[in-house]
Amino acid sequence: MSYPHYHMGSAIFRHYMPSAGSRTASRSLEFGKTHVVRPKGKHQATIVWLHGLGDNGLSSYQLLESLPLPNIKWICPTAPSRPVTILGGFSCTAWFDMGELSEDGPVDWESLDASASHIANLLSTEPADVKVGIGGFSMGAAVAQYSATCFAMGRYGNGIPYPVNLRAVVGLSGWLPGSRSLRNKIEVSHEARRRAALLPVLLSHGISDDVVLYKYGEKSAQSLSSAGFRYITFKSYDGLGHYTVPREMDEVSNWLSSRLGLGGST
């Protein structure tokens, strides 16, 4: 079984040099087309999967449709097109604006909240007996991890209540926006600590990733763990760059089956 690689987002990272351009004025942006992989067996779980920078929901659909997970419905949205600072203002699909990755760099909280809210809305209409989760690659993994923190705190960064009961989060080759301040935000609330302790999170990263460096994936896992997320699984892959491989997706499938208690067609 083969899986398509996510070349598009990483190609954009490589071929556009970051500039010191100012952040563009916030405005309402339209999300692109959403693709859905229907469950082939009994519908037990729904997961929104988020693509990387410059990619689209169709790529996610193609990655996921052949996975041996007949009980999962996959929702694959497409991010809005927006000017991206790290690309010198070049417009492409992006869940939020970003500059150079760094612990001290500015974070586009407004767009993160808008994307996290869009994803939660996609999940909010699922049947009550269906478990819901979020996964993603690269920038999509960053939004998935941010959504995990919103779930734990019970609200978005802007204070609006977070409406979905997440049961699993997966992040491949990504990072956690605002990781430095997370622990302080979670520690002040008993409910936030309780929710963080219950949510399983799988993070995986290629050691040879030259787009989102391995250290950012490792730091994300450490930050979530120190903030009270007890069920963190961090997988590292020797020789893996900024893309997915069958072995990694097999581990994602096994982890989701186990954590969500999936199985059977009835």
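**Close-up views of a predicted model**

**Figure 1. Contact between helices α4 and α6.** In this predicted model, F151, A152 and M153 of α4 touch E191, A192, R195 and A196 of α6. Sorted by class, the residues of this contact are five nonpolar and two charged, with no polar ones. Helix α4 covers residues 139-153 and helix α6 covers residues 190-198. Their axes come within 7 Å and cross at roughly 135 degrees. Because of this angle, α4 is oblique to α6; an angle would have to be over 145 degrees to count as roughly antiparallel.

**Figure 2. The aromatic pair W49 and W74.** The model has six aromatic pairs. In one of them, the ring centres of W49 and W74 are 6.0 Å apart. The ring planes stand at 75 degrees, so this pair is edge-to-face, the term for planes over 60 degrees apart. W49 sits in strand β2 (residues 45-50) and W74 in strand β3 (residues 72-76). The two residues are 25 positions apart, and the pair links distant parts of the chain. Are these residues buried or exposed? W49 is buried, because its relative accessible area is 0%. W74 is also buried, with a value of 1%.

**Figure 3. The aromatic pair F96 and W175.** F96 and W175 form an edge-to-face pair, with 6.2 Å from centre to centre and 75 degrees between the planes. F96 belongs to the loop between β5 (91-93) and α3 (109-124). W175 belongs to the loop between β7 (166-172) and α5 (179-187). The pair therefore ties together parts that lie 79 residues apart in sequence. Both F96 and W175 are buried.

Figure 4. A disulfide is a covalent bond that joins the sulfur atoms of two cysteines. How many disulfides does the model have? The count is zero. C92 has a relative accessible area of 6% and is therefore buried. C150 is buried as well, at 0%.

Figure 5. I207 is found in the loop between β8 (201-206) and α7 (214-226). How far is the C-alpha atom of I207 from that of H242? The two atoms are separated by 9.3 Å, while the residues are 35 places apart along the chain. Leaving aside residues up to four places away in sequence, I207 touches Y214, S236, Y237, D238 and L240. I207 is partly exposed because its relative accessible area is 40%, which falls between the limits of 20% for buried and 50% for exposed.

How values were computed
Residues numbered from 1 in each chain as written. Predicted model: local features only at pLDDT ≥ 70, side-chain atom pairs only at ≥ 80, totals over all residues. Heavy atoms only, no water. Axes fitted to C-alpha atoms, helices over the stretch in contact; angles between N-to-C directions. Helix = DSSP H or I, 4+ residues; strand = E, 2+ residues; numbered from the N terminus. Parallel < 35°, antiparallel > 145°, perpendicular 65-115°, else oblique. Contact = heavy atoms within 4.5 Å. Nonpolar A, V, L, I, M, F, W, Y, C, P; charged D, E, K, R; others polar. Disulfide = S-S within 2.5 Å. Buried < 20%, exposed > 50% of the residue type's maximum accessible area, 1.4 Å probe, protein only. Phe/Tyr/Trp six-rings, centres within 6.5 Å; stacked < 30°, edge-to-face > 60°.
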